[in-house]
Amino acid sequence: MITRAEFQDIIKLEGQARGSTLNTDAAYVESQEGKEGLHKVEAAFRQLGYPVEYKHIKDMGWYPICLRVLSLRVIQDVFGLKPMDLRTMGDTAPKFSFLVKVFMKFTGVSELAARRVPGYWRMHYSVGDMCASEVNGQAGYVIVQLTDFKTHQILCRYFEGYFRRLLQFSFVDQDVEIRETKCMFKGDPHHEYRITWK
Amino acid sequence: MNTASPGNNKTAKETQRLMHLEHDLFALERYINDIWRFLPVPVAYLNPLGIILDVSHSFEGLLGHKKEELVGGTLLGLFAEKERIKQIQDITLKKSRVCDHECVVRNKAGETIPVNVSTLIRKDERNDTIGYFVALVDISQRVSAEQALDVSESQYRATLDSIGDGIHVVDKNLHIVMVNEALRRRLRDLGVDIEPVGKSIRDVFRLSSPEATSDYQSVFENGELLVSEESVKVGNREFICEVRKIPIFDGPDVRQVVTVIHDITARKREEQIKTVLYKISSEVNTVKDLHELFELIRKHLGAIIDTTNFFIALRNKADRAVSLAYSVDERGDSESLPQGRTLTSYVIENNRSLLVTENDIRQMKRSGEIESIDVPFKVWLGVPLRAKDEVIGALVVSNNHDPTVYTRKDMEILEFVSEQVAAAVERKRADDEVQQTLRRLKNTSTSIIFTMAKILELRDPYTAGHQQRVARLACAIARELGLTEEQVDGIFMAALIHDIGKIYVPAEILNRPARLNETEMDLVKTHPSIGYDIVKEIDFAQPVDRIVVQHHERIDGSGYPNGIDGSSIILEARILAVADVVEAMASHRPYRPALSIDEALSEIEKYRNTLYDTRVVDACLKIFRDNNFKLD
């Protein structure tokens, strides 16, 4: 359960996130639990004294980043999601993402694609930076670093799924695996994800 | 107080511009989302690798998968025909778009759905491919309809093919668009090797006359069924067909015409055969002689059988020799029939019909059935003429050019006709025999009459030659009056013996050169009655006995022996009366000298309509005065 202290910490977070990131949550809940599930989430928000109705959220709109974290936390609480479920939720998100559909370019893993990563991050979040620090198409891996983005640990699991799926969109019939190798909540200077494929 | 600085104004304006942009972006977002939601055509958006990034609601509906199940997967996995969709992908990448390629997708339940696939590549500002749209149009209804149509067409085709009549369909250009199996088979059998579909009916059926195609124009213009009897030529053959031209409508216009060709050649031929046989049967009894009969038979048979070479041979009853009774030969060689063991004699001797070709004839010669004679025939057909149990001859037709011109059916026809011919020949022969007998009998009768007349003349020299002269005159008057030859014959015979009754009158009375007394006269007046008694038992064809008994009767009833008046006296007797009187007055008698012919004529003229018949007197006067008739 979100405690009052946790809630206070979250709403203090600075920065904004695109509505698209919130709507993918709603789409996931609706796909898993139906509209009733979504109503439960919205009811939980009301109980927090932070009423949110997802249908009013615009994909391209900017919303407080605290709402991004709260959305995940409330859903986690309402449906009792485990870390693995959050990863799955992240994995599903690109499927519902308006931004992914409209702006993502899938040209395979290359230097050019790597250069697009920062821009793609900023398309979603007004804080933090992301870059592909190492790309090795032949060996089949890419290392992505996320800096200045210490919001909430729940996003670490979520991003694992999300980044995996994004890269999966660039491959056909190949298994893509991801692992968070560095985490700011563990004292590392930045988050780092190692994504590999066969 | 205006506290806004230029820098603040700029920031405010920029903020306002961004807010407007954001507003426009929201509107665009709603617009795009609405399109995806309400797009009736199932559409998927794929990245360049073929991975599904988005699908419309209708796409979910088509495949039964939820969006999250579809997004991230490959489109390839949805298609039943992998190679086909790869092909479409390749074409899309080359041409930027693909329209309406038929494919089959598989829905969540595993059912296949036929779809039309259209694709469109999406490129960025640098012309790099960033994805493509794939639209799937469910064509299962159309495919079902097409399958139903195929089934329907198969059934329709099977139905058409099962019909024995030839059927074809032509378009407005009179090009054949369909033929059924029966027509195709018939054309093949007739040696028409061309594929009829696509050809003009003029070429396939040799329609040269404008009428043949004007019928089609009429059906196309009027849209009305047309039934007609037509002569259809295919290859070298000609058929009589009942042709039905049935319009097929496309809206108000006639699009095509179905033609059903029912071959009625056989039926027509049967009708023609019946007509010919009926004519022969009905006319065979009306002809006067055999030659006329044979001419008639050949003429009528010619309508149904080739009678270019036609002859009828008859066997003589007495010596059994076979001779030509009638013959028509294209070479003009129809004078005589070859003797010996010929095909004709084979038919007659074996009492069996024979249909043989050139080769058959050679075989018969080799086997000795017939003698080696010239064989100019390609085909020869002969049937025996049977009268009761006897073969009296043969009816033969032959052709020197075409061995297929006669069939077994023709043999049956000739056999039927041969019965008519044989019956007619037999009847004619019987008639001839009767006529011959009658002539003989008539000659005999005439001889008897002459003999009787001679006997009388021996007893009465004054009447010698009288009866012959009376006979001549009476016949002349009868002919002048228009009596038949049979009546004239009767008058002739009656006149020759009209005084036969005088044989009972004593010779001295007959020859006395003086007038007779009343008693003697009464005796003489008995001669008509006695003459009647003598000839009445003879069965003459004409009323000779009545002419004899009435030749002295008079119109006014003053004559003898019965004193009957004109209404009771037969015409022949009235003629004989006038001739007898004229001849008697113009001849010498023992009791008076001969009068001149003018005096004799004046006498009958004087008693015209009292003693003698007016018409008979007038005729007699006419033949003497106008026709210059002489008694001697």
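Visitor: In which helix of chain B do B:Arg267 and B:Glu271 lie, and how many residues apart are they?

Guide: A helix here is a DSSP run of H or I with at least four residues, a strand is a run of E with at least two, and both are numbered from the N terminus. B:Arg267 and B:Glu271 both belong to helix α9 of chain B, where they stand 4 residues apart, about one turn of the helix. The model is predicted: local features need pLDDT of at least 70, side-chain atom pairs count only at pLDDT 80 or more, and totals for chains, interfaces and linings use all residues. Residues are numbered from 1 along each chain as its sequence is written, chains are lettered from A and ligands numbered from 1 in the order in which they are written, and side-chain values use heavy atoms, with hydrogens and water left out.

Visitor: What joins B:Arg267 with B:Glu271?

Guide: A salt bridge is a side-chain nitrogen of Lys or Arg within 4 Å of a carboxyl oxygen of Asp or Glu. B:Arg267 forms one with B:Glu271, and their closest N and O atoms are 3.6 Å apart. In helix α13 of chain B, B:Glu412 and B:Lys409 are 3 residues apart, again about one turn of the helix, and their side chains form a salt bridge at 4.0 Å, N to O.

Visitor: Are B:Arg267 and B:Glu412 buried, partly exposed or exposed?

Guide: With a 1.4 Å probe and protein chains only, buried means under 20% relative accessible area, exposed means over 50%, and partly exposed lies in between. B:Arg267 is partly exposed because its relative accessible area is 40%. B:Glu412 is partly exposed as well, at 47%.

Visitor: Which parts of chain A does the salt bridge of A:Arg73 and A:Glu6 tie together?

Guide: The two side chains meet at 2.7 Å, N to O. A:Arg73 lies in helix α3 (residues 65-79) and A:Glu6 in helix α1 (residues 4-11) of chain A, so the pair ties together parts that are 67 residues apart in sequence. Both residues are buried. Elsewhere in chain A, salt bridges link A:Arg87, A:Arg157, A:Glu160 and A:Glu180 in a network.

Visitor: Which residues does B:Ser281 touch?

Guide: Contact means heavy atoms within 4.5 Å. Leaving aside residues up to four places away in sequence, B:Ser281 touches B:Phe416 and B:Gln420. A polar contact is a pair of N or O atoms within 3.5 Å; within protein, one must be able to donate a hydrogen and the other to accept it, and residues adjacent in sequence count only if both atoms are side-chain atoms. The side chains of B:Ser281 and B:Gln420 make such a contact at 3.5 Å. B:Ser281 itself is found in helix α9 (residues 265-283) of chain B.

Visitor: Why is chain B described as spread out?

Guide: The radius of gyration is taken over C-alpha atoms, and the globule rule is 2.2 Å times the number of residues to the power 0.38. Chain B has 22 helices and 15 strands. Its radius of gyration is 56 Å, well over the 26 Å that the globule rule gives for 632 residues, so chain B is more spread out than a compact globule. The C-alpha trace of chain B spans about 200 × 85 × 40 Å along its principal axes.

Visitor: How many residues of chain A are in contact with chain B?

Guide: There are 21 residues of chain A in contact with 26 of chain B. The count of salt bridges between chain A and chain B is 0.
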